[in-house]
Amino acid sequence: MKVFITGGSGFVGTRLLDILLEENYHVTNFDKADSNFYPDLTTVGNICDYEKLFESVEDESTIIHLAAEHRDDVKPINLYDLVNIEGTRNICRVAREKNIKKIIFTSSVAVYGFCDS
């Protein structure tokens, strides 16, 4: 099975990549940062860039969506909405246009706690 992960270069994504690769999945990581562990499986890009996202997702993939702005002190503040709302809309649009039936979303934002700034 093909799996396309957004935001897979961080801690959670890297562990997920480890598991999926052990199970012999065909995995692609799409992240704004290169992966220290899986650079050969990573396309550096932003989910807000619809064209790059579209060309990076293979047909018949399952999308696992981890990419997000997750800190309370994101600057500029509209980046939070741009990535988390518009970027996620881009993922849904790509899935619809490529007839992808499964998107798995997860967030680890709660583990970071609140910013006191």
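**Talking through the predicted model**

Visitor: Leaving aside its neighbours within four places in sequence, what is Val-57 in contact with?
Guide: In this predicted model, and with those sequence neighbours set aside, Val-57 is in contact with Phe-4, Ile-63, Val-94, Lys-98 and Ile-100.

Visitor: How far does helix 3 reach from its first C-alpha to its last?
Guide: Helix 3 has 20 residues and reaches 27 Å between those two atoms, which is close to the 28 Å expected at 1.5 Å a residue.

Visitor: What follows helix 3?
Guide: Asn-99 follows helix 3, and this residue is found in the loop between helix 3 and strand 5. Asn-99 has a positive phi of about 60° although it is not a glycine. As background, most residues other than glycine have a negative phi.

Visitor: Is Asn-99 buried or exposed?
Guide: Asn-99 counts as exposed because its relative accessible area is 54%, and the cut-off for exposed is over 50%.

Visitor: Switching topic, what is the pattern along the sequence?
Guide: Read along the sequence, the protein follows β-α-β-β-α-β-α-β, and its secondary structure comes to three helices and five strands.

Visitor: How many bridges join strand 1 to strand 2?
Guide: Five bridges join strand 1, residues 2-6, to strand 2, and the two strands run parallel. As one example of the pairing, Ile-5 has Asn-29 in strand 2 as its bridge partner. Strand 1, helix 1 (residues 11-22) and strand 2 together make a right-handed β-α-β unit.

Visitor: In what sense do strand 2 and strand 3 pair?
Guide: Strand 2 and strand 3, the latter being residues 42-44, pair in the parallel sense over three bridges, and Phe-30 has Thr-43 in strand 3 as its bridge partner.

Visitor: How many residues of strand 2 are buried?
Guide: Strand 2, residues 26-31, is mostly covered, with five of its six residues buried.

Visitor: Now the loops: where does Ser-9 lie, and what does it touch?
Guide: Ser-9 lies in the loop between strand 1 and helix 1. Not counting residues up to four places away in sequence, Ser-9 touches Thr-14, Asn-29, Asp-31, Ala-33, Asp-34, Ser-35 and Thr-42.

Visitor: Why does Ser-9 count as buried?
Guide: Ser-9 counts as buried because its relative accessibility is 16%, and buried means under 20%.

Visitor: What about Leu-21, what does that touch?
Guide: Leu-21 has its place in helix 1 and touches Val-27, Tyr-38 and Leu-41, again not counting residues up to four places away in sequence. At 28% relative accessibility, Leu-21 counts as partly exposed.

Visitor: And how far apart are Asn-46 and Thr-6?
Guide: Asn-46 and Thr-6 are 40 residues apart in sequence and 9.0 Å apart in space, C-alpha to C-alpha. Asn-46 has its place in the loop between strand 3 and helix 2 and is partly exposed, with a relative accessible area of 33%.

Visitor: Last one, on the whole protein: what percentage of the residues count as buried?
Guide: Of the 117 residues of the protein, 36% count as buried. The protein exposes about 7400 Å², of which carbon and sulfur atoms supply 53%. Among contacts with a separation of 6 or more, 59% are accounted for by residues 24 or more positions apart.

Notes:
Residues are numbered from 1 along each chain as its sequence is written. This is a predicted model: local features need pLDDT of at least 70, side-chain atom pairs count only at pLDDT 80 or more; totals for chains, interfaces and linings use all residues. Side-chain values use heavy atoms; hydrogens and water are left out. Contact means heavy atoms within 4.5 Å. Buried means under 20% relative accessible area, exposed over 50%, partly exposed in between (1.4 Å probe, protein chains only). Helices (H or I, at least four residues) and strands (E, at least two) are DSSP runs, numbered from the N terminus. Two strands pair if DSSP finds at least two bridges between them. A crossover is right-handed if, with the strands pointing away from the viewer, the path from the first strand over the helix to the second runs clockwise. The expected span of a helix is 1.5 Å times one less than its number of residues. Accessible areas come from the Shrake-Rupley method with a 1.4 Å probe; for residues, only the protein chains shown count as cover.
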